[in-house]
Amino acid sequence: MTYNLFRYRITTIGATTLALLLFACSGETPPDNLGDGGLMHGTPWLSSDDPGVQPQAAPAPHLAYYGGPVLQSVKITGVFWGAGVGSIVKQGMPGFYVNIVNSPYLDWLSEYNTTKPVQSIVRGSYAGTVTITPSPTGASLTDAQIQAELAKQIGAGHLPKPEANSLYMIHLPAGLKITQGKYVSCISGGFCAYHGTMAMANQNVYYGVLPDIGPGSGCDLGCGRAATQFDNQTSVASHEMVEAITDAGVGLATVYGPPLGWYDGTNGEIGDICNGQQGTMVASGVIYTVQKQWSNQAHACIVSRAVVPSDFSLALTPPNRIIGQHATTTYTVQTTAVSGMAAQVALSVTGLPGGVTGSFNPPSVTAGASSTLTVVTSPTNASVSATFVVTGTGGEKTHTVPGQIAVLTPNTNLIDNGDFESGKLSPFTPSSTAALTTATPHAGKFSVMLGLSTPYTTDGTLAQNIVVPDTGTTVLSFWYKPTCKGTLATDWQQVQLREVNGGAVIWTPMRTCATAGWTQVTMDLTVYSGRSMQVVFQAHDDGKVNTPSWMQLDDVAVLNR
């Protein structure tokens, strides 16, 4: 025979929402409400007279995202409902949880990451096992009683307080039934397990309820086709665990929208689509029986699949900025997806100078998108230069990119060693025909001789990179003493602004062939605010005898006011 599995969609009639659980039923109508309010989904009891053929998924299943929470890094607490929980469960399930949440069984669930809100599913952890002494002592329980006991045990400190990724997996002793209206666990037309949600203070509490499926329980006849009780127990537990991970808030959902997570309106949750289809997973060297889960990407029920790790790169534009006091500047952080699914990348910045703050808009992006880093200085910031680091974390990858910022007080000189009194040319970049000289400096002991007093053909040049600040007025100032014995057509002294490191010419504000004493030149560079460039001083000679041309240079400054 084929399985007569009824799959119900969430339907709102007036103000009443039908709370739905998947069942293996024969001719029964869907329940009006399967709990004391709230949507609960479970593992259907399977027909005992079936020859063992796995049930097939409904045509063209597809999980859609409805905006609710997922458990990004599930943290399972095993809860034993009293001392009567079976020895097979006590001995085996803690190890199963420890290993399975840190296995490839969870890795491929990254296909159910979300962007609004940003949620990334990764491997989880096991918080340990707690045996509680519950108040209800009868032979049957309702979900309302389980919720009340769970809240009581948490409130008393017997169970750890719930966190965003907490999942309490509650194992019941033999003979204890769960009733939901007219439906009962471990009987034909009933269910094997379920997971649910309740609100407690300001935190959702996520839980799974797993009846004993040992011999004589009834669940041994319809809750799995594996050879052993333990294998069927891990299969049922895996069904509920993965459904809780991908649709954590279903127990509070009333419409197709938050807190409902990943759901198929025809076929149910990720495990419902594949109910009864078992496979094996090797976790920490142990072979476990698990239930297959529905993969939108594979279009099939699977245990796991090869997952290309998500990776990304970071770039910062521009790499450096100069800024004044009480000012604002921005950088663009560009992310690029390198491999796997486009990760959600959370951004942070460290290493900014004291008094300088940085913020991202947005603070998290999908790899391939960009964010703006806004940097703000205080009114009292001192002059300082610093290298900071932008860090991006997405999936299991972390990457960094450095940046530079210089904070300038008024009249700070952007040129380093512009008076040459260090007795060295660095950090200027000179040509072979540029040298320090102590002959007739403008001030102090040193100036620079560009060119030679005898004919030459290699230009005398001196260059240094700068970044024009985003704020204030920026002025280039220098003193030069020219000697030109040729004509402007063949010999000259000039200053140019070029792209950094000797690139294309941006502007040639001065070019002359003159002979004079020390002369000061000033040039407004404010129009180039925020731009990186190179300031280049040059003396050119045509190499002819008797017409050498050169110049001395001193007290170079780029002042920001």
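Visitor: What is the handedness of the disulfide of C274 and C301?
Guide: This is a predicted model, in which local features need pLDDT of at least 70, side-chain atom pairs count only at pLDDT 80 or more, and totals for chains, interfaces and linings use all residues. Residues are numbered from 1 along each chain as its sequence is written, and side-chain values use heavy atoms, with hydrogens and water left out. The sulfur atoms of C274 and C301 are 2.1 Å apart, and a disulfide is a pair of cysteine sulfur atoms within 2.5 Å. The torsion about their S-S bond is about -90 degrees, so the disulfide is left-handed.

Visitor: How many residues apart in sequence are the parts tied together by C274 and C301?
Guide: C301 sits in strand β21 (residues 300-302), and C274 in the loop between β17 (262-263) and β18. Strands (E, at least two residues) and helices (H or I, at least four) are DSSP runs, numbered from the N terminus. The pair therefore ties together parts whose separation in sequence is 27 residues.

Visitor: Is C513 buried, partly exposed or exposed?
Guide: Buried means under 20% relative accessible area, exposed over 50%, partly exposed in between (1.4 Å probe, protein chains only). C484, joined to C513 by a disulfide with S to S 1.7 Å, is buried at 11%. C513 has 23% relative accessibility, so it counts as partly exposed.

Visitor: What is the pairing of the bonded cysteines in sequence order?
Guide: The count comes to four disulfides. One of them joins C192 to C223, S to S 2.0 Å. C192 is in strand β15 (residues 191-200), and C223 is in the loop between α4 (219-222) and α5 (229-246), 31 residues apart. Numbered along the protein, the bonded cysteines pair as 1-3, 2-4, 5-6, 7-8.

Visitor: Which residue has its backbone oxygen 2.6 Å from a polar atom of the T114 side chain?
Guide: T114 lies in strand β8 (residues 114-115). Its relative accessible area is 4%, so T114 is buried. The backbone oxygen at 2.6 Å from a polar atom of its side chain belongs to P117.

Terms used:
A polar contact is a pair of N or O atoms within 3.5 Å; within protein, one must be able to donate a hydrogen and the other to accept it, and residues adjacent in sequence count only if both atoms are side-chain atoms.
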